[in-house]
Amino acid sequence: MQQSVSIAPQLISILETIPDPEIPVVSIMDMGMVRSAQWVADEVHIAITPTYSGCPATDMIQATVIETFETKQIQAKVTLVLAPPWTTDWITPRGRKALAEYGIAPPLSPMADKQALWEDKKIVPCPQCGATDTQLISAFGATACKALFQCQSCKEPFDYFKCLT
C-alpha cells in the first residue's frame, strides 16, 4: 500500500521525469521514493526515501532532482527521510509494469517472497515468457535489492526485485 505523500500537483510532472539511476525505465515517483514536494517561498522542498538506507544511488538521485529543477529555473532542496523505511509496497502499478517490461520481475508479497527466496517455490514469474518454472540462482543480483533467477522454460536469466516491507 502506497505511503501517504504530499506533493504539489504542478510538481508531479517534473518528478515523473527523474529516473531511478539503477533502473532507468522507472521514475523516482514510480518507485514511491518521493515523500513530499512542496513550494516554500520561491524554492521547492522535496523529501525522498531511498529504496534502502545504504543505497549507493542516493547521492545521484539527490543531485539529479536538483539538476532537473534547475533546468526549469526552479531552486530545489532535497531532504532524505529514512523513517518510515521505504517498502516495495510503495512501487506504483505503473512502476511494477515497467519493471516487468524491462525484464525485472516485480516484487511479490512478503510471504511469497520468503517462499521464493528461501524455500525455492516456483512462484516468481519470468518477465520474458510468464512461466513460473523459475529457479533461484543467487539471492543477490546486480544490486542487493534484487535476486537472480533463471526461467526453466525459456532459459533466460532475470532479476527479481525483492519484497521489502
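Helix 1 (9-15), strand 5 (43-48) and strand 6 (75-80) are among the elements that cover the buried residues of helix 2. This is a predicted model, so treat the picture below as a computed one.

**Helix 2**
- Helix 2 spans residues 58-70, which makes 13 residues. From first C-alpha to last, helix 2 reaches 19 Å, close to the 18 Å expected at 1.5 Å a residue.
- Its buried residues are Thr-58, Ile-61, Gln-62, Val-65, Thr-68 and Phe-69.
- Viewed down the axis of helix 2, these buried residues fall within an arc of 130°, so they line one face of the helix.
- Here is the background: an α-helix has 3.6 residues a turn, so residues three or four places apart point the same way.

- Four strands make up an open sheet with mixed pairing, in the order 1-4-5-6.
- Strand 1 (6-7) and strand 6 are at the edges with a single partner strand each, so one side of each has no neighbour in the sheet.
- Strand 5 and strand 6 run parallel and are joined by six bridges. His-45 has Lys-77 in strand 6 as its bridge partner.
- Helix 2 packs on this sheet, where it touches strand 5 and strand 6. The direction of helix 2 makes about 160° with that of strand 6.

- Four strands form an open, mixed sheet in the order 7-10-9-8.
- Strand 7 (104-105) and strand 8 (134-138) stand at its edges.
- Strand 9 (residues 146-151) and strand 10 (residues 157-161) pair in the antiparallel sense over five bridges.
- Helix 4 (residues 110-118) packs on this sheet, touching strand 8, strand 9 and strand 10.

Notes: Residues numbered from 1 in each chain as written. Predicted model: local features only at pLDDT ≥ 70, side-chain atom pairs only at ≥ 80, totals over all residues. Heavy atoms only, no water. Helix = DSSP H or I, 4+ residues; strand = E, 2+ residues; numbered from the N terminus. Expected span 1.5 Å × (residues − 1). Buried < 20%, exposed > 50% of the residue type's maximum accessible area, 1.4 Å probe, protein only. Arc of directions from axis to C-beta. Contact = heavy atoms within 4.5 Å. Pairing = 2+ DSSP bridges. Axes fitted to C-alpha atoms, helices over the stretch in contact; angles between N-to-C directions.
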